[in-house]
Amino acid sequence: MSDAQEMESIDSQQDLTKVNKMGTDSMLKLIIQYSLPAIAGLLVTALYGFVDGIFIGIGVGDAGIAATTAAMPFMVITMAINTLIGNGGNIVASIRLGEGKHAEAEKSLGNVITLMIITAIIIAAVCIPLIDPILWASGATPESIDLARPYLLIMIGGFICGALSGGIGNYIRTAGAPNVNMMFMIVGGVVNIVLDYLFVLVFSWGIVGAATATIISQAMCSVMTMVFFTRKKCAIRFRVRYMKLDGKMVKLVFKIGLAGFFMNALMAVTSIIINQLFIHYGDMEAITGTGALAAYGASGRVQQIFFQIIIGISMAAQPLIGYNYGAGKLKRVKDCFWKSANVGFVGLLIMTVIAELVPEPLLSLFGLTPVVMDFAVWIMRSIMIMMPLAAYGIIASTYFMATGKAMKANILVLLRQIILLVPALFLCPVVLPIVFGISPAGAIIWAFPIVDVISTAISMIVAWKD
């Protein structure tokens with residue numbers, strides 16, 4: 001890059017004051033300032049997924065919720081790709097801003113947009129012809145496959161919308177405008193809820209209407225996000241010349257984003273395993289496999305709302321840690337880590353109390369049959385019991401990703417999602433019924449609280465010694 005281009009990039013950065021405050025303001029104040037908009041936006045996003053499930057439950061029934069649950073592993077894979085490219089690029093940008101290399105931050109944005117477009121094309125070309133094998137492997141049942149197929153096809157076709165609104169949206173916080181990102185997410189959430197009501201209930205489009213509403217709302221967010229980065233005063237501007245892929249930049253983005261990709265990709269693997277286990281053991285009980293999937297899907301939508309607390313704090317901590325690490329302010333990096341983890345623990349503790357005391361009012365909105373409803377309550381109470389501890393493990397992974405220590409982040413993710421969780425998922429329905437007398441299907445979900453305790457302890461030891 002020429003000196004003239006570098007100066008042009010710097011001269012156009014008229015809104016860098018907010019960015020530079022990441023290295024000077026009170027860390028707790030910054031965490032709250034960045035977390036609240038992120039959490040609010042994520043809650044709205046989770047809420048429209050929650051409302052989406054309600055409309056599907058009312059308009060389609062248990063089989064509709066089971067169908068979206070079968071499609072969920074693939075959706076998690078797309079989230080993993082967004083994390084690999086979007087979060088990887090965003091961390092590069094935050095570190096480069098801390099180092100004062102504004103042009104490099106902008107180059108990461110341009111390269112990420114190009115990578116998202118290429119990825120969307122590859123996903124469509126590979127997955128559309130294989131839609132049925134993907135769904136069967138993910139846990140579709142004979143009752144849900146015909147509903148899951150059109151839903152997933154629409155989501156695959158609209159992948160680029162979610163990639164730009166979610167993956168690129170993270171850059172808005174790094175550009176010092178967390179409130180703007182929150183506003184975009186709220187607008188998208190409100191639009192999705194309104195369209196859900198119209199398409200699913202009024203027009204009777206069923207599960208196709210739910211998927212269409214999601215893609216349209218994501219497309220709106222994508223347009224708003226891209227417009228934001230064309231503003232002359234934006235700290236990180238979109239420039240067409242930076243869409244040309246740079247080998248070193250792409251390699252760095254993938255290296256840093258790999259831990260986040262593993263985290264989500266391995267979640268997809270565990271989701272497939274859980275779906276298959278619920279079908280296997282559910283069919284042996286009154287709940288049936290389809291009912292078990294519906295219960296897991298309904299409880300999962302509620303848990304997703306609760307879990308946005310720590311996800312929002314993690315997203316807020318990422319640019320703060322990355323900026324201060326790039327600026328060499330290592331004491332502030334550690335301060336951000338511990339305060340973010342502690343705030344996340346308190347937030348999740350409050351959500352856990354709510355889940356344990358009053359799960360029925362939320363789950364009853366999905367129109368579940370009595371047997372499925374009882375099982376959904378059991379799942380929610382079981383999986384939430386140790387969730388506050390997960391705050392420390394998640395922030396630890398964020399800390400290592402944001403400081404470019406991808407290997408440690410990858411090891412922690414692999415430890416939790418595969419080494420510990422997969423054996424626990426298979427052992428719990430075999431061992432726990434013998435020890436505690438609970439049903440095999442009901443024992444599956446207890447793998448999560450057991451693993452939360454073990455993985456959190458290991459993550460904290462690794463982070464403490466770093």
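Student: Why is Thr288 called partly exposed?
Tutor: This is a predicted model, so each value is computed from its atoms. Thr288 has a relative accessible area of 36%.

Student: Where does Thr288 lie?
Tutor: Thr288 sits in the loop between α12 (247-282) and α13 (289-326). Its phi is positive, about 65°, although Thr288 is not a glycine.

Student: What makes Ser204 exposed?
Tutor: Ser204 has 57% relative accessibility. Exposed means over 50%. Therefore Ser204 counts as exposed. Ser204 is in the loop between α10 (178-202) and α11 (206-228). Its phi, near 60°, is a positive value in a residue other than glycine.

Student: What makes Arg149 and Asp132 a salt bridge?
Tutor: Their side chains meet at 2.7 Å, N to O. The cut-off is within 4 Å, so the pair qualifies as a salt bridge.

Student: Which parts of the chain does the pair link?
Tutor: Distant ones: Arg149 is in helix α7 (residues 145-157) and Asp132 is in helix α6 (residues 131-138), 17 residues apart. Arg149 is partly exposed at 24% relative accessibility. Asp132 is partly exposed at 25%.

Student: How do you know that Glu360 and Arg381 form a salt bridge?
Tutor: The N to O distance between their side chains is 3.7 Å. Within 4 Å is what the term asks for, so the label holds. This pair links distant parts of the chain too: Glu360 in helix α15 (residues 360-363) and Arg381 in helix α16 (residues 370-384), 21 residues apart. Glu360 is partly exposed at 35% relative accessibility. Arg381 is partly exposed, with a relative accessible area of 30%.

Student: Which residues do salt bridges that share partners join into one network?
Tutor: Arg96, Glu99 and Lys101.

Student: How many salt bridges does a search of the whole structure find?
Tutor: Eleven. One of them pairs Asp25 with Lys29, whose closest N and O atoms are 4.0 Å apart.

Student: Why is Asp25 called buried?
Tutor: Its relative accessibility is 19%. Buried means under 20%, so Asp25 counts as buried.

Student: What makes α4 and α5 roughly antiparallel?
Tutor: The axes of helix α4 (residues 62-98) and helix α5 (residues 102-127) cross at roughly 170°. Angles over 145 degrees count as roughly antiparallel. Therefore α4 and α5 are roughly antiparallel to each other. Their axes come within 8 Å, and the crossing is right-handed.

Student: Which residues make the contact?
Tutor: On α4 they include Phe74, Ile81, Gly86 and Arg96. On α5 they include His102, Ser108, Met116 and Cys127.

Methods:
Residues numbered from 1 in each chain as written. Predicted model: local features only at pLDDT ≥ 70, side-chain atom pairs only at ≥ 80, totals over all residues. Heavy atoms only, no water. Buried < 20%, exposed > 50% of the residue type's maximum accessible area, 1.4 Å probe, protein only. Helix = DSSP H or I, 4+ residues; strand = E, 2+ residues; numbered from the N terminus. Axes fitted to C-alpha atoms, helices over the stretch in contact; angles between N-to-C directions. Parallel < 35°, antiparallel > 145°, perpendicular 65-115°, else oblique. Left-handed = near helix turned anticlockwise from the far one by under 90°. Contact = heavy atoms within 4.5 Å.
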